[in-house]
Every structure is written in structure tokens, then in C-alpha cells.
Number of protein chains: 2
Amino acid sequence: MADITPLLADRWSPHAFDKTHVISEDQVQLLLEAARWAPSAMNRQPWSFVVGVRDDDVFARLRPAIEGFSDWALDASAIILGAYQNAGSEPDYALYDLGQSMAHLTVQAEALGLHVRQFATFDRPMAGRAFNIAAPWEPIIMAAVGLPAPGQKPEGRARKPLSELTAWQ
Amino acid sequence: MADITPLLADRWSPHAFDKTHVISEDQVQLLLEAARWAPSAMNRQPWSFVVGVRDDDVFARLRPAIEGFSDWALDASAIILGAYQNAGSEPDYALYDLGQSMAHLTVQAEALGLHVRQFATFDRPMAGRAFNIAAPWEPIIMAAVGLPAPGQKPEGRARKPLSELTAWQ
């Protein structure tokens, strides 16, 4: 890839996490702070998060919605559940904005030397019930955060060619 | 805000752009490259872009969809139209992923000393027709890129408190 900023160029999503790594409270706060300052339509900030740190009570409440779907994520140092405020519009820019917010969180993780893998393979209704997340809010994404398991490498990163991304002009 | 990485902390969206600033072709390529390497569900990369640079032919084709809605954007050095591949699912992670991709583009703009203001206040069907963008692709966002007009300052940046963003736990 061309010389884009290292925080974007070096980011990759591990498939397996180091289950011995411990994330600090300061790091968690910085991840959320980064998400907080993302841009959004009309500055509505239609995002909200639940953060479980491995072995804490919140992580334990997140766990049942993950087990059987995405067991690999249970090794991560933290799991962040992302919810958006469904605006009922078409398209729903709140969903787009949650994506922006989580992207900012991911960039901040890279700045902290941490890695993130987002996943939607969890039981969303179960996760919502565990934290009384009610409409118009919907939990839709999780982000596993930590260090890659030993031996994990950013192999096979590939994207469509730039020419395909600008094919209409 | 806490000490998040400067590329995120210093980012802000001007309401007016410097109509004399000229963006380089290299800068445009880096913006697209950053968008290209964003993460997406199953690595589907459900995003595509049209980039008009002020005074070029593509900008002229974008212009009618903007005039009357968002005239301020016509002063920007470039306008990038973002489209996503509607997956027809609920929720549609493709929309979320376009948000991530545009967020990466915005972070790269900050790395280049450029500013971005995203806007959805344009005639989406008209923009789609101008470039033959057909279903399942939908144009849904534009990003004005350039330098702030003289006198523009990042005043009044505000976000919900962090406690509100994690209220469920």
C-alpha cells in the first residue's frame, strides 16, 4: 500500500488473542475516549458501549452471548459491545456513525500497541438482555481487544484494487 | 479530552473551506488508499467512491446534486462521494463498514494536514444518476476535503460525557 499513516497502514485484526495479556484501565478509557470524539451526523453521537475486561463481572455477563459463536474472542483482554440508536430512517446514518466511532476506537488501539478484531457473530438479543439495552438502541457489533496470540501474523491482508473503488468516474 | 492520539484529538470539521487551496493528486490517492485498507465484515469491502477535485470534470458532475443543499461544500478542494453495497440485511453491516472506511479516510486527511466535513445533505438520486450508480450500490455520503476558510476555528466541539456512553454497565 502507498504511504498512508502508520496507524492505518499497520493495523490488522488477529484471529487469536494472547490470553495472558492484561489491558489497563487507562487503555480502556482511551479507547472509549477515541470512540467518543468521532464525528456523527448532526453531532447526534448515536453510539453506546459496554466494556468487559477479561475476568471481570461485565465480561462474565457478555460471555454467554459469545460462547458457541465466537469462542476465540474469549481470550481477548477486553470485549467491547457497540450499540447504536436506530433512527428508523433509510439509510440509517446512526449505523454508519457507529462504524465511524468504532473505527476511531480501533485507530486508538493501534496507537496503544493493541489489536482489535470486530465481530458480529454473537447472540445479539442475548447481549441486549444482559444489559437491558432496549429499543431504539440495538447491540450490533463486538470488538475483541488485546495482543495477538504468539505466532499470529498479519498474513494475507488483501483489498480490492483502487481502480475498482473508483470505477464510476 | 484525555490524551488520545493527536490524529483523533485534533480532528474537526470546518463549516467553511478555503476556496483557494488546491489538493494534490498524491493527497487524493492517499485518502483513497486509507479508505481502501479499512476493516469490513468478511473483508467484503462494500464501499466505493467518486472523487471530484475543484474545477475538474468529476467535480462538475457532482455539483448539481450539491447546489441548493450544501453550497458551502463547493468551496472545498475535493468532494468525495461515498457509496455502499446495500446487502439488504437488517442491520446492514455494509453501511457500518462504509462508515469505518470514511473514518479511515478522515484520519488520513488529518495526517496530511487536511480537514474533512462529511454531509448527507445532497440529492442522492441525482448523484447516483450522474455516475450510473445502480442497485445494490447506493450513494449516501459526501466528504468535503480541504483547508478551513480563514477565521474558521474548532469552536464548540462537544460530546456526551463518557459516563453516558457506558451507562448500561
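**Note on the chain A and chain B interface and selected local features**

1. Chain B and chain A bury about 6100 Å² between them, with 62% of that on carbon and sulfur atoms; buried area here is the accessible area (1.4 Å probe) that two parts lose on being put together, summed over both. On the side of chain B, Trp37(B), Tyr96(B) and Trp168(B) lose the most area to chain A, together 16% of what that side buries.

2. This is a predicted model, in which local features need pLDDT of at least 70 and side-chain atom pairs count only at pLDDT 80 or more, while totals for chains, interfaces and linings use all residues. Residues are numbered from 1 along each chain as its sequence is written, chains are lettered from A in the order in which they are written, and side-chain values use heavy atoms, with hydrogens and water left out.

3. In terms of contact (heavy atoms within 4.5 Å), 66 residues of chain B meet 66 residues of chain A. The count of residue pairs in polar contact between the chains, both at pLDDT 80 or more, is 32; such a contact is a pair of N or O atoms within 3.5 Å, where within protein one must be able to donate a hydrogen and the other to accept it, and residues adjacent in sequence count only if both atoms are side-chain atoms.

4. The elements that give two or more residues to the side of chain B that touches chain A include helix H2 (25-36), strand E1 (47-53) and helix H4 (93-111) of chain B, and the largest share, 12 residues, comes from H4(B). Helices (H or I, at least four residues) and strands (E, at least two) are DSSP runs, numbered from the N terminus.

5. Glu33(A) is found in helix H2 (residues 25-36) of chain A, and it counts as buried because its relative accessibility is 6%, where buried means under 20% relative accessible area, exposed over 50%, and partly exposed in between (1.4 Å probe, protein chains only). The side chains of Glu33(A) and Arg36(A) are joined by a polar contact of 3.0 Å.

6. Some backbone geometry deserves a check. A cis peptide bond, with omega about 0°, joins Glu90(B) and Pro91(B), and Pro91(B) lies in the loop between E2 and H4 of chain B. Gln45(A), which is not a glycine, has a positive phi of about 50°; Asp55(A), also not a glycine, has a positive phi of about 85°. Gln45(A) is buried at 6% relative accessible area, whereas Asp55(A) counts as exposed at 68%.
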